[in-house]
Amino acid sequence: MLFRQSNSRRRLGRRSVVLSGAGALALVATSALPLRCNGKFYPGVVIAGVAIGGMTREEALIALEDRTGDFQQAAVTYVYEDRTWRFSASELGLTIDYEATLDEAWGHGREDGVTGRYEALLDRRSRTLAFVGRMNEDKLDSVLQEIAAELDLDPVDAVFTMDGTAIAISPEQTGRTLDVGVLRQLTVDGIGDLQPFTITLPVTVTAAAVTAADLEASRAEAARLVSRKVTLRYGDTRWTVDRDALARSIVVPGDTVNARPTLDPGTLVIILQSIADEIYRSPVNAEIGWNNGVQAITESREGRSVDLNQLAELVIEAAGKETGRIVQVPVDKIPPTIDSRNLDALGIAELMAEGSSSFAGSSEERAINVEVSAQKVDHALIPPGGTLSFLQTVGDISVDAGFVEGKIIADGWYASDIGGGVCQVSTTVFRAALLAGLPFAEWHPHSFRVSFYELDGWAAGLDAAIYQPNHEWEWPLDLVITNPTDSWILLQMTTQDQVVRASLYGPKTGYQVELANVEFSDPTDPPPPLERTSDTVPTGERRQTQQAQPGITATLVRRVIQDGELQSEDTFVSVYAPVAEAFVIGTG
């Protein structure tokens, strides 16, 4: 080996020798000889076949660079059939450290004591060294992987294809895989000689599972499968699976000796998917309401879907026939979840509870938003064991959805935003669910006490805030009601005389719901007054836009009893922040 890694450098150990008699005389007689090696390597130093004894360091460096020049330029040539890849030493990640190599050689005769120096000087003891270098194994692996990426091929089976109107055979392709691990070892082993060398790439060849010869005997049978199109029928509509599509589906089983060509169901399913999509119709649920019982407001409709797997098998069967290549598309009915012909199955039997809230005194914009949001959640249904999300049910709160700009709470101020007033409806729905004894998966009180929610005798602490984010960094606030029963629950909304009502109809649960009186904490003082300027108000005018309001915490406890046993006890805590007086100073 003429090359070694530089991670550990060996140094010759010292040894002591005691001389006497004639030996001592010889030492005295040759005491001046080491002067001949000043600035030169001692005799006997050989590096990778290059004798550098008696050379200066500069001469030795030139000799070593000349020794490795060809290797540096073209270290390895990889060959596979008529293709070649040639790489220099540096491209393979190999670096020869000439200075470190010469440093190690320089120690010969200088680090072994007096006797060792003279033995070296008299050429009685030589020293053969290897080049010192570094190998970047990641770089080598990267080169070998690049070769593998160019060389590797997956085997490809022969297949039947259509050549005009005739069945043809697309020939197989042999696969090949470069054994990167073996190639890596061959490369590392060859580098040690520091001479350009060639490696025939170690490649594993993989034969295709199906060859053209395997298919030749079945060509006639395959031709029969694709001899004519297959017609599909559903009602008065017709589709065809043409010969090209059938040819793309032909497969031959792995036992090619006894193989009989057939059509692949999986390929046919992909081909037939567009027909299935055209026939598909989603079911339509009935919209229901309550009027002395459950009634259908709109009729339900069955959906339909194609059994694609069965259709593929029918196409395969038809393709095997000389005549009668017609298939009736198998279609399954999809029943609606809410069937207008079977409303009793919903289990909705009675009024469970009702909540209300007054929006008297609201601006026209706020009243519009109350009406719109009530209409959007009207007739919503909560499935057995499922939930109802207010945000999902009300949908997009935008101008396009019918909402207008109304008042909301933002950063301690009453401000305007699209959909102000929607919380009036979420509060009303919350009250109905609260009185019905239904659990809540999510509920949030308002940040501030809102007088609207106490106009008709409801206490503070019985409101529900919702918020649909306007920005991606904001979090939504939702009201999510859970249905713990085995029946459906219907939410029905009405607005009349500036009062919005939420009625929940469902099964007879036998719940007795007890609401304790709301308990209030000691109030906290409002912060100092707030002021803002506005160019819509005349200069010098000061208008009050918000009344001061103390902060307070309201705590409500609900107990749900069924058949004399306590089923649940929930505590609802609403922390209302104090509100400062707010004034607008005119600059207009």
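Two strands count as paired if DSSP finds at least two bridges between them. Helices (H or I, at least four residues) and strands (E, at least two) are DSSP runs, numbered from the N terminus. The model is predicted: local features need pLDDT of at least 70, side-chain atom pairs count only at pLDDT 80 or more, and totals for chains, interfaces and linings use all residues. Residues are numbered from 1 along each chain as its sequence is written, and side-chain values use heavy atoms, with hydrogens and water left out.

**View 1. The sheet E3-E2-E7.** This open sheet has 3 strands and mixed pairing. Strand E3 (50–51) and strand E7 (127–129) are its edge strands, and each pairs on one side only. Strand E2 (residues 45–47) and E3 run antiparallel, joined by 2 bridges. Val-46 has Ala-51 in E3 as its bridge partner. Helix H3 (residues 98–106) lies across E2 and E7 and runs at about 155° to E2. Axes are lines fitted to C-alpha atoms, for helices over the stretch in contact, and angles run from 0 to 180 degrees between N-to-C directions.

**View 2. Ala-48 in its loop.** Ala-48 is found in the loop between E2 and E3. Its phi is near 50°, a positive value in a residue other than glycine. Is Ala-48 buried or exposed? Ala-48 counts as buried, at 5% relative accessibility. Buried means under 20% relative accessible area, exposed over 50%, and partly exposed in between (1.4 Å probe, protein chains only).

**View 3. The sheet E5-E4-E12.** Here 3 strands form an open sheet with mixed pairing. Strand E5 (83–87) and strand E12 (197–200) stand at the edges, each with a single partner strand, so one side of each has no neighbour in the sheet. On average, neighbouring strands are turned by 20° against each other, direction ignored. Strand E4 (residues 76–80) pairs with E5 in the antiparallel sense over 5 bridges. Val-79 stands opposite Thr-84 in E5. Helix H5 (residues 137–151) packs on the sheet and touches E4 and E5. The direction of H5 makes about 165° with that of E5. Contact means heavy atoms within 4.5 Å.

**View 4. Helix H2 and its bend.** Helix H2 (residues 57–73) has 17 residues and should span 24 Å at 1.5 Å a residue; its end C-alpha atoms are 23 Å apart, which agrees. The expected span of a helix is 1.5 Å times one less than its number of residues. H2 bends by about 40° at Arg-67. The bend at a residue is the angle between axes fitted to the seven residues ending there and the seven starting there. Arg-67 is also one of the buried residues of H2, which include Ala-60, Ala-63, Leu-64, Thr-68 and Phe-71.

**View 5. Helix H10 and its cover.** Helix H10 (residues 265–279) has 15 residues. From first C-alpha to last it reaches 20 Å, close to the 21 Å expected. A kink of about 45° is centred on Leu-272. Leu-272 is buried, as are Leu-268, Val-269, Ile-275, Ala-276 and Ile-279. The buried residues of H10 are covered by elements including strand E14 (230–234), strand E15 (237–241), strand E20 (303–306) and helix H11 (308–319).

**View 6. The largest nonpolar core.** A nonpolar core is a set of buried Ala, Val, Leu, Ile, Met, Phe, Trp, Tyr and Cys residues joined through side-chain atoms within 4.5 Å. The largest one has 49 residues; Phe-390, Val-429, Phe-440, Leu-479, Met-493 and Leu-504 touch the most other members. Helix H14 (residues 422–436) gives the most to this core, with 9 residues. Leaving aside neighbours within four places in sequence, Val-429 is in contact with Phe-390, Leu-479, Ile-481, Leu-491, Met-493 and Ala-502. Another core, of 40 residues, lies apart from it and has Ile-47, Val-50, Trp-85 and Ala-89 among its members.

View 7. Asp-497 lies in the loop between strand E30 (489–496) and strand E31 (499–506). Asp-497 has a positive phi of about 55° although it is not a glycine. With a relative accessible area of 69%, Asp-497 is exposed. Ser-487 sits in the loop between strand E29 (480–482) and E30. Ser-487 counts as buried at 15% relative accessibility. Beyond its neighbours within four places in sequence, the contacts of Ser-487 include Leu-346, Ile-382 and Pro-507.
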